[in-house]
Structure formats: structure tokens, C-alpha cells
Amino acid sequence: MTAAPYPFTALVGMADLRLALLLNAVSPAVGGVLVRGEKGTAKSTAVRALAALLPGIDVVPGCRFSCDPAAPDPRCPDGPHEPGSGTLRPARMVELPVGASEDRLVGALDIERALSDGVKAFEPGLLADAHRGVLYVDEVNLLHDHLIDLLLDAAAMGASYVEREGVSVRHAARFLLVGTMNPEEGELRPQLLDRFGLTVEVAASRDTDERVEVVRRRLAYDEDPAAFAVRWADEEGALRERVAAARALLPHVRLGDGALRQIAAVCAAFEVDGMRADIVTARTATALAAWAGRTEVTTEDVRQAALLSLPHRRRRAPFDAPGLDEDKLDEVLRESGGADDDPDPDPGDGPEGQEGPDGPDEGPGGPGGPGGGQPPQGAPEQAPPQTGPSVPEQRTGSDGPEAAAETPGANAAGPGGERAAVGAAEPFRTRRLDVPGLGEGAAGRRSRARTAHGRTTGARRPRGTLAKLHLSATVRAAAPHQRARGRQGPGLVVRRDDLREAVREGREGNLVLFVVDASGSMAARKRMSAVKGAVLSLLLDAYQRRDKVGLITFRGAEAALTLPPTSSVDAGAARLERLPTGGRTPLAAGLLKAREVLRIERLRDPSRRPLLVVVTDGRATGGPDPVARAGRAARLLADDGVASVVVDCESGPVRLGLAGALARELRGTPVTLDELRADSMTALVRDARTAPDTRTARTARTARKTWRAA
């Protein structure tokens, strides 16, 4: 027996999240909600609780697409339906799992019956199930991009289209879209963020009383879900009635010219792209007025609508945190004039006033948490970026300008010569670094791979369910057997053994593992700022190509996994910014750490191919025979078949070429910081494993001898 869902009115705190969900329940045209927050903050609980507040819907009996009997869809695949009485049922809450296929989302066509019998045999997908209900996508940032595109296209058009080799099916798909995500696991692309109407940041409360109340209610629910639901039944009923009343009032709400001017001024002032932000803000302000029981949009409605609809549309770059400057927002609203005759509206007249969405008393068990009626905050407060100048190096040793910075005591800033973190140089567009060969990993934009989308390169027998039909290959396979199968007339007799699916080639995302030299030699000549700028540029490139990234740093006596492999490129940028330098150069430790990390990741995700990016000047110091140990570690990685790139950070008029020698041991590609730039005169398009020597034979021999005998 299914347990009763956790009551929406029993949620503690999270005023912004509750308000955003309720506004979408009042007006689905707002466009859904994207809930961003750390794990364990009841994101999923709140979304599942919302479905119980939605009014029931009348559906045509037997229709798999939930057609409204009062206005049935004339193009429904189960139609045509005659207008008449229907069956009342609750609104559905459909969950889209991260591992869902395209056919599971949009539905599947039986190609065999379509070719042989001319019948459109269509099996509805999750979009059909969610029509006139809620579609919930947990961890939406982990979905494949093409699934997100299909999902958001359906949400925007209110219909889903399935096309398979000239066979087309269309059905209505209007739903309230709610997505949740943990930014630590990766961000959504800006164009996908823009397709969500509202966004809310949630975080665990730091208030002791509020945390106690959360635990108390959760324990009571887990002990007896049915009894807990009964305790909150009156509050749930009152809130359900308020949602229904707001829906009924919504068509009568007036959005005056003054409010429209304020919305346009705010969107222009915050430099959001396109016009979707203006439209969503207008719809949200209207829903806020209806939720408050008013028929006129006020300035406070516009303000709250902007705080919910604009923060995620202000991301100007992938590493920018979403947010909104509330002081600037208030200034723009003042300068653009009032939306009503009252220049300073009473906060109590705004949506929910100073109360939570459930009213002044949130029912048994205590208040719903402090701040229930405060306006949305857009994004948590963030620390200012470090933009200070690089720390000048001190060289006092006798082993040359590079080793002097590694000498203990050479820098008074910390033990072992550790230096404070320096800011990164300005990032730039990098050349594409590929993994050679043909992979079969998750769809992305880096290396060649067999994928579900891309150009057709051949045909094969289906492996399991037919995905993409190769029509000409299927016809060629069936043609020789037509007489034996007793074909009569123009139809083609097709059997399952004749079906051929298309083999497509596109691009995959890779695991890009950075191994960064943070030793004292990198601090010499203020080199670390340029190195951080190069790694930040590569991180940006990885973000755009949908890669996973990891970061290993080595300095002093050991190597550390600074950032375990993750889809959150933002986390990599943050760790890089705080990276200190100093100490000796345990190159072998860094390479061996990389080998161990790649071994574990190969077990977790065997289809995702790695690309090792070693950022170093090639020096190896510390411990017995450091150069020989580094060489052995590099050969182990090469024997494992790991594609690698060595970014040579050596600078100055005299260069030893040690990084180039390391690249040869890795059987990888050496590139200088200048060659890493896409617009560099020396940039080349080549596979990561190929290592053509652009130097003269004499220079190559000298570099190899120097690195091994250094």
C-alpha cells in the first residue's frame, strides 16, 4: 500500500520554494520551477507534496492522453472524441528518471507495423502521462541534453511530436514542469536555464529551532504517514481551496501599463537576453496578484516576480553565480514609476503579506519557520572573488631560478615555502583536445563516438528495441524475400528480421582529469597566474563540451585529489581559484594519483573515456631519483592507453624542454600555453595521443637527455 504523501502545509521554512510552486499551480503558464540547492533540503518532498493541492480533472474515459471532455483534442491519437461527460480523477505527478530513454519520454512507434500494415501503433510516453498534471524531473542537470531539449520544447508548445521515418504522431502535452538540481553536480546550459519560468535557491536552515521542528515533523510522518496526513488535512483543504480560488480569479487580474513599464525597465536594466524574461515576469506578477486575492498588479507584485524570474537569466558566463542585486531592483522600480496609485504598498497586501503561503497559522506542530513571508532572495550571498595581485616570488637558493622558490624557508608566507593563492589570468578560447578513436560514451561535444544522434554512417541489426530505423537498409533486406512471402499488391512484406537500425556518429563527453603542478617552480616568474588562466580556459571548454572534470594538484611531498570527478565545472573553477603554491615538485606522485583516479572511474563509468591534461614545466624534484620515478609513472599511464596532453608552462628565453620529454614518455601531445589558444598561429588540430615532434632532431635529443638526467 502506498504511503500518504508528506503534506505541503507541513513543510517548514522554504518560503520562496513554496511560493514559486503555488504560483505555478495557480498559473501553469508561468513556465515551471527550477529548484537549485544542496542535497537533503526537501526539494523532492516539496514537489511531490504539491500534486495533492491541484484540483482534480475531468478526462475522456479510456483516453490515454487525458483529453478534456469539454474540449477534446481534435488531433488526439485515441480520437476523435465526442464532447460529453467525463471521469473525474486526481491530477497526476509523473516523475522522469535520469536514465530514461527518448522513447520513454515522448513515446514509441511500432515501425514494423507501420511499414507492413500502415498502422500508426503508438505507445504513449511520460509526456502523455503528465498532460494536465505535474512533470517532475529530479537531477535535471544530469539528463542528456537532447532529452532536456525535447522536454522543454513540449513544455513551451504544449504538444509533443514523434517523428520516425515519415511516420508522425502528435498529442497535447501541457503540464506543470518542476526540475530540481544540485549545482555541485553540474550546471544547466544558459539557454536551458532560460526555459524554466522561475528559479529558487534552497539551503538547509541554520536556525536551531527550525531544524528541530523539521526533524520532529519528519519523525512523526515516518512513524505513521496516514495519521500525520490526517493531522494536516484541514490545512491542506484550506490551501487547496485557495489555489482553486486564485485560478478562478486569474482571468480577471489587470496588468496595467504602469506595471508593464516597470517589468520592461527591470529586464532591460539587468540586461537579460531576449523577451522571455519580460513575459514570464508579467505572468508571475499576475499570478501573485491572484494569489493575494486582488485584481490589480502592484509594484510589490512586480518586485517579487522579478526576484523569482530573473536571477537564473542573469548568468553572463558559466562560472557566474545566479543572483539579483535587490538595491538595484528597488532603484529601477522607483525610477520607472509606480504600478498603482500607492507608491509604497502595504506589505500585508502583497502575496502572502508577512505570512507563509498557508496563512498566519501553519497548523499543528508549530510555525512553518521564520521568514515565511519575506520576498525571495534570488541567490545565497557569495564571497567576492579574489582579484588581488600575484604574490611576488622570493628566490634565494643556489639551484637556479626555478629551484630557489622550492627551497624551504624561501618564502616567509608559510611552511615549506607555501605561497598564498594568486588570481587567474583572463580566460581565453582554447583549441579542441580530442581523445583518439571512436568511443561509445555519453553524448557531448568533444571526441568522436557512436551516439543516438549525429550523421548516419551505416546500418546494423537492432540490439534490443529498435531506436532509429535505417529505411533503405531495411528495404534492401526485405526485398529479396517478397515472392517467398507471398506478396500481393503494392505493400512491402516486412518481418522483424528485416529491420535495420541506423548507426550514427556524433560527439561524446569525456572525463578531463587535470594534473596541475602547484610547486614552487610554478610560482617563479609569476607563472601561476597564467597557468590558472589556462586551466580555467580548459574548464570553460569542458563545460561547453559537456565533460566531467577532475583536478589533482601536486606540491611539497604529495599529490592530492583536489576535486573528485564531477560534472560541476563551477566547483573546479572555485577550487582552482583557492589553490596555493610552493614546495618541491613530486611529479611522480601526481601521475600515480591520476592513474589511481582513472582506474576507479573506469569501474564506475567504463564507457566514458578519459583525457589526461598535465599542466607543468616538466621538473621533478624531491625524494630519491625523482625523474626516473616520474618516467616510470608516465609509462604506466601510456601502457594503460590513457590519452594525454602536456601543457608546457616553461617560460623565458632559455627553456629546457622537460615537458616535451614528459609528453613522449606519456605518448601524448605537448602544447605550450600559446599553442593552447584557438587563435594561436601555431594551433594545430590533432588527436590527443598523437605526438608529432615539431622541433629539430637535435633539440629533441637534448630535451630527452636533460629530463632524464636532470
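Which residues of helix H13 are buried? In the predicted model, the buried residues of H13 are Thr299, Asp301, Val302, Arg303, Gln304, Ala305, Ala306, Leu307, Leu308 and Ser309. Helix H13 spans residues 299-309, and because 10 of its 11 residues are buried, the helix is largely enclosed by the rest of the structure. The cover over these buried residues includes helix H1 (15-26), strand E11, helix H11 (257-269), helix H12 (276-291) and helix H14 (326-335).

The protein as a whole contains 23 helices and 19 strands. Of its 710 residues, 52% count as buried. Where contacts join residues at least 6 apart in sequence, 78% of them link residues at least 24 apart.

Another open sheet comprises six strands in the order E16-E15-E14-E17-E18-E19, and its pairing is mixed. Its edges are formed by strand E16 (558-566) and strand E19 (669-672), each of which pairs on one side only. Neighbouring strands of this sheet are turned by 20° against each other on average, direction ignored. Strand E14 (residues 511-517) and strand E15 (residues 548-555) are joined in the parallel sense over seven bridges, with Val512 opposite Val549 of E15. Helix H18 (residues 527-544) packs on this sheet and touches E14, E15 and strand E17 (610-616). The direction of H18 makes about 175° with that of E14. Helix H19 (residues 569-577) likewise packs on the sheet, where it touches E15 and E16, and its direction makes about 155° with that of E16.

On the surface, Val214, Val215 and Leu219 form a nonpolar patch with about 260 Å² of accessible area together. Val215 lies in helix H8 (residues 208-223). With a relative accessibility of 46%, Val215 counts as partly exposed.

How values were computed. Residues are numbered from 1 along each chain as its sequence is written. This is a predicted model: local features need pLDDT of at least 70, side-chain atom pairs count only at pLDDT 80 or more; totals for chains, interfaces and linings use all residues. Side-chain values use heavy atoms; hydrogens and water are left out. Helices (H or I, at least four residues) and strands (E, at least two) are DSSP runs, numbered from the N terminus. Buried means under 20% relative accessible area, exposed over 50%, partly exposed in between (1.4 Å probe, protein chains only). Contact means heavy atoms within 4.5 Å. Patches are made of residues with over 30% relative accessible area and no salt bridge: like charges are joined within 9 Å, nonpolar side chains (Val, Leu, Ile, Met, Phe, Trp, Tyr) within 5 Å. Accessible areas come from the Shrake-Rupley method with a 1.4 Å probe; for residues, only the protein chains shown count as cover. A salt bridge is a side-chain nitrogen of Lys or Arg within 4 Å of a carboxyl oxygen of Asp or Glu. Two strands pair if DSSP finds at least two bridges between them. Axes are lines fitted to C-alpha atoms, for helices over the stretch in contact, and angles run from 0 to 180 degrees between N-to-C directions.
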